[in-house]
Amino acid sequence: MENEKSIEVLNSILQINNDRIEGYETASKETEDVDLKTLFEGFIGTSEQCKKDLEAAVEELGGKATESTRVTGKFFRVWMDVKAALTGNDRKAILNSCDYGEQAAQDVYEKVLTDELENLNTEQQTMLSAQKNVLKIDQHKIISLRDALVENK
């Protein structure tokens with residue numbers, strides 16, 4: 001296992017968490033609903049913890065943790081801005097946007113945990129699996145809130 005490749009893989013997951021932090025900061029600004037603001041702050045906290053763990057793993061390998069986001073994350077934030085502007089801060093639209101971003105994060109974690117195992121040691125694999133599960137719980141909260149809106153109509 002090459003450290004450089006491991007660093008690259010871990011940094012790709014770090015970028016997704018940077019995206020999540022920025023995405024939920026955007027979502028929090030776009031909504032006036034206090035419960036969503038609180039939820040999004042919790043999600044930011046989740047990604048900040050993931051980020052901290054990933055940075056430590058990268059530094060342990062002698063690498064430099066990335067501060068950047070992915071191009072897809074930038075599109076996610078722009079899409080949320082446009083969507084919120086067009087829908088007048090519609091709760092369902094914001095939740096749909098968040099679910100879209102969460103699924104993108106799940107897809108990246110899944111791809112890494114499927115295609116990059118040879119570049120991750122057991123401890124790193126365990127960390128990423130745990131992070132993926134925590135982010136999936138957050139996604140289920142989004143889906144539940146969105147589905148409750150449909151059921152209440």
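At 4% relative accessibility, Asp138 counts as buried. The model is predicted. Arg20 is buried too, with a relative accessible area of 4%. The two residues form a salt bridge, with the closest N and O atoms 2.9 Å apart. Arg20 sits in helix α1 and Asp138 in helix α5, so the pair ties together parts 118 residues apart in sequence.

Helix α5 covers residues 122–151. Its 30 residues reach 43 Å from the first C-alpha to the last, close to the 44 Å expected at 1.5 Å a residue. At its start, a side-chain oxygen of Asn121 comes to within 3.1 Å of the backbone nitrogen of Glu123. The buried residues of α5 include Met127, Leu128, Leu135, Asp138, Ile142 and Arg146. The buried residues of α5 pack against α1 (3–30), α2 (34–60) and α4 (91–115).

The salt bridges number ten. Three of them involve residues named here:

| Pair | Closest N and O atoms |
|---|---|
| Arg20 and Asp138 | 2.9 Å |
| Arg146 and Asp99 | 2.9 Å |
| Asp147 and Arg146 | 3.6 Å |

Arg146 forms a salt bridge with Asp99. This pair links helix α5 to helix α4, 47 residues apart. Both Arg146 and Asp99 are buried. Arg146 has a relative accessible area of 15%. Arg146 also pairs with Asp147. Asp147 is partly exposed, at 33% relative accessibility. Shared partners join Arg20, Glu102, Asp138 and Lys141 into one salt-bridge network.

Cys50 is buried at 5% relative accessibility. Cys98 is buried at 0%.

Key: Residues are numbered from 1 along each chain as its sequence is written. This is a predicted model: local features need pLDDT of at least 70, side-chain atom pairs count only at pLDDT 80 or more; totals for chains, interfaces and linings use all residues. Side-chain values use heavy atoms; hydrogens and water are left out. Helices (H or I, at least four residues) and strands (E, at least two) are DSSP runs, numbered from the N terminus. The expected span of a helix is 1.5 Å times one less than its number of residues. Buried means under 20% relative accessible area, exposed over 50%, partly exposed in between (1.4 Å probe, protein chains only). Contact means heavy atoms within 4.5 Å. A polar contact is a pair of N or O atoms within 3.5 Å; within protein, one must be able to donate a hydrogen and the other to accept it, and residues adjacent in sequence count only if both atoms are side-chain atoms. A salt bridge is a side-chain nitrogen of Lys or Arg within 4 Å of a carboxyl oxygen of Asp or Glu.
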